Amino acid sequence: MGHTQELDKALSELKRITGITLDAKASTPDEIEFALAQIRCLITAYKEKYNKNHFLSSLMTDSIPSYDIFERAARLHIDPEIPRILFLLETRNPLDDTVTEILKNLFPSQTKTYLVGITEKTLVILRPLKASESTDDIQRLALMLIDTLNTEALAQVRIAYSGTIDTLLDLSGAFRETSLALQVGRLFYSDQKIFPYNQLGIGRLIYRLPSTVCEQFLGEIFGEDIPGSFDEDLTATINKFFQNNLNIAETSRQLHMHRNTLIYRLEQIEKKTGLDIRRFEDAMTYKIAIMVTNYLQTERTS
């Protein structure tokens, strides 16, 4: 794109966000470059002055110097030093107006809660933290959000949330930790919908491991016959068995499965892998192996 086209595009962008129509008189490349820089400064200044979402989004991506944060927050009438909590919400389908309107009704402007769109499927809810609220209250609020959006907007939602954000200086760190929680949760705990930043368990550890280490571990467990995937029905049975603390009677009852059928399935796993998951140590090894396998599959796909 030539300089003249870039200048026209910048003028159109300025008009779109401010309603102001300008005509730039420039003929030489240097004059055009100078005019282009000035118009872009105007666009940035307008966004920063009049758009809280742009300011908060920039804060989360570390694109605002720390020494500048308090001054800009003051211009936007955002208190930089009240405790807040950050919810990172992800929908299966692109966010639509219904979801946004529901959230606006749940968090009206007087609550000083900010809704910041990140991508077409993710949105941040930055909400003041009340002095009396506990971690259980935050968990219940996340559950309420999921239930409300599922019921009223038919939206399938996952939510990660941060620890307490004491000042806006901590916002980028909170965004990183909730992004990690969402990624780890999506990958390792797909049956869950809520992912607190500090409850990622062994998934956090596996997520940080190099692929070569994961492959070596699987080689030790399965030898050369590393499974490419696990049968869904068998996986569901095993997950239920683990949820019931390796209790055969309770698992067969919940699955409406005869006890002997469940035992047969567990014995089939032992034949294939050499792991008797009725024993705690083998169950733990198998659980980790499944998580590592899913992680590697996702890495290869991405």
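Helix 13 contributes eight residues to the lining of the largest pocket, the most of any element. The model is predicted. The volume of the largest pocket is about 780 Å³. Its lining comprises 24 residues, of which Phe188, Thr235, Asn239, Lys287 and Ile290 are closest to the centre. Two or more lining residues come from each of helix 7 (171-188), helix 10 (232-243) and helix 13 (280-301). By class, 11 of the lining residues are nonpolar, nine are polar and four are charged.

The largest nonpolar core holds 55 residues, and the members that touch the most others are Phe55, Leu56, Leu86, Leu168, Leu171 and Ile277. Helix 7 gives the most to this core, with nine residues. A second, separate core has 22 residues, including Ile125, Ile138, Leu141 and Leu149.

Strand 1 (residues 84-91) has eight of its eight residues buried. In a regular strand, side chains alternate between the two faces of the sheet. In strand 1 both faces are covered, with Arg84, Leu86, Leu88 and Glu90 buried on one side and Ile85, Phe87, Leu89 and Thr91 buried on the other. Leu86 has contacts beyond four places in sequence with residues that include Met60, Val124, Leu126, Tyr161, Leu171 and Phe175.

Strand 1 pairs with two further strands. With strand 3 (residues 122-128) the pairing is antiparallel and spans seven bridges; Phe87 lies opposite Ile125 of strand 3. Strand 4 (residues 157-161) also runs antiparallel to strand 1, joined to it by five bridges, and Ile159 in strand 4 is the bridge partner of Leu89.

Terms used. Residues are numbered from 1 along each chain as its sequence is written. This is a predicted model: local features need pLDDT of at least 70, side-chain atom pairs count only at pLDDT 80 or more; totals for chains, interfaces and linings use all residues. Side-chain values use heavy atoms; hydrogens and water are left out. On a 1 Å grid over the protein atoms alone, a cavity is a set of points where a 1.4 Å probe fits but cannot get out, and a pocket is an open set with protein on both sides within 12 Å along at least five of seven lines; lining residues have an atom within 4 Å of a point. Grid points are joined across faces, edges and corners, and a volume is the space filled by probe spheres set on the points. Helices (H or I, at least four residues) and strands (E, at least two) are DSSP runs, numbered from the N terminus. Ala, Val, Leu, Ile, Met, Phe, Trp, Tyr, Cys and Pro count as nonpolar, Asp, Glu, Lys and Arg as charged, and the others, Gly among them, as polar. A nonpolar core is a set of buried Ala, Val, Leu, Ile, Met, Phe, Trp, Tyr and Cys residues joined through side-chain atoms within 4.5 Å. Buried means under 20% relative accessible area, exposed over 50%, partly exposed in between (1.4 Å probe, protein chains only). Contact means heavy atoms within 4.5 Å. Two strands pair if DSSP finds at least two bridges between them.
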